[in-house]
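Please walk through the structure below with a viewer open. Each stop names what to select and then says what is there.

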Amino acid sequence: MHSVRRRTAEEKEEKRIAEKAHIDKFCKLSETVMALRNNEELTKEALKTAGTLLEMNFEFYTVWNFRREIIQRLSEENSDSDALYKEELQFIQNAIMANPKSYWAWFHRKWIISRMSQPSYTKEIFLCNQLLEKDTRNFHCWGYRRWICQKMGAGEQEIFDFTTKKIEHLFSNYSAWHERSRILSTYPAQQLKGLLQSELEYVQNAFFTSPDDQSAWFYYRWLIAKFIENSTEEEASQLLETQFEPLDQLIEVEPNSRWPLNTKLYLLSKMNGRGEEMKEILVKLREVDPTHQKYPELNS
Amino acid sequence: MSHHETLLVDLHKKHIRALENNTDSFEYWVIEHLRVSGVYWGVSAMVLMNALQEMDREKLIEYVLSCQHPSGGFGGNVNHDPHILYTCSAVQLLAILDALDRLDVDKVVTFISSLQLEDGSFKGDQWGEIDTRFSYCSLVPLAILNRLDAVDTKKAKSYVLSCQNFDGGFGCVPGAESHAGQIFTCVGALAILGGLDEIDADVLGFWLCERQLPEGGLNGRPEKLADVCYSWWVVSSLAMLNRIDWIDGDKLKKYILNCQDDEAGGIADRPGDVADVFHTFFGLCVNQQVFPSSDTQD
Ligand SMILES: [Zn+2]
C-alpha cells in the first residue's frame with residue numbers, strides 16, 4: 001500500500017460501513033468468475049463478467065489469464081479477430097488509465113498487440129505520449145513505448161528527438177536521460193565521440209538551469225566515462241581540463257550545492273596528481289552534505 | 001506526527017497477528033491474489049521479532065501446500081494460477097517453517113526450469129511476461145533447494161548483465177530504466193550466480209547511496225519520494241556490494257521508526273501513512289541489516 005494516509009478510529013468505522021457492500025460484491029463476483037472458468041465458459045458473456053471483476057481489482061492476475069483463454073477461443077471461432085482485439089485494447093486502456101502501474105495490464109496489452117495481424121503502432125505511440133504527459137516517469141509506459149518502437153522499426157534519431165522534447169519540457173526527467181544514454185550506447189565508438197562535444201554542452205545547460213537535480217549530473221558522469229573509455233590518455237586529459245571552468249563558475253554561484261562539488265571530485269579522480277584538490281573538495285562536500293560521508297573517488 | 005525512539009515490537013506483532021482477521025477491510029481482499037507472499041512477509045516479520053512460535057505452524061504449512069498446482073508452481077492463493085512470484089514465496093516460507101520435507105521438490109524444480117528461455121531470461125508463467133524479477137524469483141528457490149543445476153546459470157547470468165544501464169543500475173528487461181527494486185533482484189541474482197565481480201560496485205554504489213534524502217529515507221529512483229520498502233532494496237544491494245556504510249544508517253533508522261503506527265502497530269511507506277505487512281517486513285529487515293544487534297534481539 002502506498003501513499004494512503006492513516007485514519008482516525010471514527011474514519012475507520014465509516015470506511016468499514018461504506019466498504020461492506022463493495023466487499024460483498026467483489027467476493028460474489030470472484031466466485032462467479034472462478035466458477036465460469038472451472039466450467040470452461042469461454043464466451044463473450046464471461047469476458048464481460050471477468051471485466052467487471054477486474055475493474056474492481058486490476059491486480060487479480062488469474063482473471064487476466066482467464067481473459068486470454070477466452071480471447072484465444074473466440075479468435076479461433078471468429079473470422080474477424082481484429083475487432084475483438086480492438087475492443088480488448090480499449091478495455092486495457094481504461095485499466096491503464098485507472099492504474100498506470102499495473103504490470104499485468106501492460107503485459108496483456110503486449111500480448112494482444114502481438115496477436116493482431118495489423119496493429120496500429122502509431123496509435124500505440126500516441127497513447128504512450130499522452131500517458132507520459134500525465135506521468136513523465138512511468139517506467140511501464142516508457143518500456144512499452146520502447147517495445148512498440150522496436151516493433152515498428154522506429155529510427156534511433158526519432159527516439160532521440162523524443163527524449164530531447166521530454167528533457168526540454170522537464171530537465172529532471174531522469175527516464176528521458178536514461179533513454180538518451182541507451183540510444184547513444186548503440187552508436188559505434190567513433191560516432192559517439194563525434195557527438196560528445198554537443199552532448200556535453202547540452203547537459204551543461206541542464207545542470208546550470210537546475211543544479212540540485214540529479215538527473216543531468218548522472219548523465220554527465222556517464223558521458224565523461226564513455227569518452228575516456230574511447231580515447232587516448234592525452235585526448236582524455238585535454239577534455240577533462242576543459243570541464244573545470246563551467247563547474248567552477250557554478251560552484252561560485254551556488255557554493256552550497258553538492259552536485260557541482262561531487263562532480264568536480266569525480267573529474268579530479270580521473271586525472272593524475274590532483275589528490276590535494278580532492279581533499280579540499282571533500283572537506284567542503286561533507287560540510288554542505290552531512291548525509292553522505294563516503295565517496296567512491298576515495299577508494300582509488 | 002509522532003516521533004519514536006524505539007521499535008514498537010509488541011504492537012507490530014499484534015498488527016501481524018490481526019491481519020488474517022481483517023476481512024471487513026477492502027484492502028484485505030484486493031491483495032487476495034498475493035496471499036502467499038503476504039503470509040511470507042508476515043511470518044518473516046515474526047521471525048525477525050523472535051516470535052515465530054506465536055504462529056500456527058501446521059496451519060501455515062497446509063495453507064501454502066494447498067496453493068500448489070499439478071504443474072509444480074504455486075498460485076498466490078488457493079485456486080489462483082501458478083506464477084513464479086508466489087512459487088518463490090512458497091518455497092521461502094516452507095524453508096522458514098522448516099517444512100521442505102513436505103514439498104515435492106522435483107515438481108517445483110520442473111516448473112521453474114520450464115520458465116527459462118533460450119537467452120537465459122525467465123518468464124513469470126506460461127503466458128510469457130519476461131522480467132529480471134522472475135530471474136531472481138526462479139534462482140532463489142533453486143538455491144534453497146540446492147538445484148541450481150536444473151537451469152542454465154551461465155545464460156541466466158549473461159541475461160541479467162544485459163539489463164545493466166548507464167548509471168550502473170538494472171532494469172526489468174534490456175534497455176529498461178534502473179529502479180532500486182529491480183537492482184535488488186539483479187544484484188541478488190548475480191550474488192546467487194557468483195557474478196558480483198562483474199558489477200562496477202563504485203558506480204552502482206554511488207547511484208544507490210544517492211537514493212538517501214536529507215530526511216533520512218531512501219527513494220527508488222532519482223527525483224522520487226522516500227519509501228520504506230526502497231530502503232530495503234537499496235540497503236540490501238549496498239550490503240551485497242560491501243558498501244553499506246555509504247549511507248547514513250542512523251538517519252535511516254530514525255526515518256523508519258517514524259513510519260511506525262503507534263496505535264495499531266505496523267510500519268507504513270512514509271510517516272503518517274497506513275501501515276501494511278509489506279512495509280512492516282521490509283522496515284524490520286532494514287533495521288536488522290543496518291543495526292544487527294538492536295532492539296528486536298532482546
Ligand atoms: Zn513502498
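Select B:Arg270 to begin: with a relative accessible area of 18%, B:Arg270 is buried, because the limit for that class is under 20%. The model is a predicted one.

Next, go to chain A and pick A:Glu235 and A:Lys193. The N to O distance in this salt bridge is 3.2 Å. It links distant parts of the chain, with A:Glu235 in helix α12 (residues 233-253) and A:Lys193 in helix α10 (residues 189-209), 42 residues apart. A:Glu235 counts as partly exposed, at 31% relative accessibility. Over all chains, the structure holds 34 salt bridges.

Now show both chains and colour the interface. In contact are 58 residues of chain A and 65 residues of chain B. The area buried between them is about 5500 Å², and carbon and sulfur atoms give 55% of that. On the chain A side, select A:Met1, A:Arg6 and A:Tyr61: these lose the most area to chain B, together 14% of what that side buries.

For the polar part of the interface, 34 residue pairs are in polar contact between chain A and chain B, both residues being at pLDDT 80 or more. Helices of chain A that each supply at least two residues to the side touching chain B include α3 (61-77), α7 (139-152) and α11 (214-229). The largest share, 10 residues, comes from α1(A). By class, that side of chain A has 21 nonpolar, 17 polar and 20 charged residues.

The rule finds 6 salt bridges across this interface. One pair to select is B:Glu177 and A:Arg137, which form a salt bridge with the closest N and O atoms 3.2 Å apart. Then select A:Arg37, A:Glu69 and B:Asp81, which are linked in a network of salt bridges.

A:His2 is partly exposed, at 42% relative accessibility, whereas B:His279 is buried, at 0%.

Conventions
Residues numbered from 1 in each chain as written. Chains lettered and ligands numbered in written order. Predicted model: local features only at pLDDT ≥ 70, side-chain atom pairs only at ≥ 80, totals over all residues. Heavy atoms only, no water. Buried < 20%, exposed > 50% of the residue type's maximum accessible area, 1.4 Å probe, protein only. Contact = heavy atoms within 4.5 Å. Buried area = accessible area lost by both parts, 1.4 Å probe. Salt bridge = Lys/Arg side-chain N within 4 Å of Asp/Glu carboxyl O. Polar contact = N/O pair within 3.5 Å; in protein donor to acceptor, adjacent residues only side chain to side chain. Helix = DSSP H or I, 4+ residues; strand = E, 2+ residues; numbered from the N terminus. Nonpolar A, V, L, I, M, F, W, Y, C, P; charged D, E, K, R; others polar.
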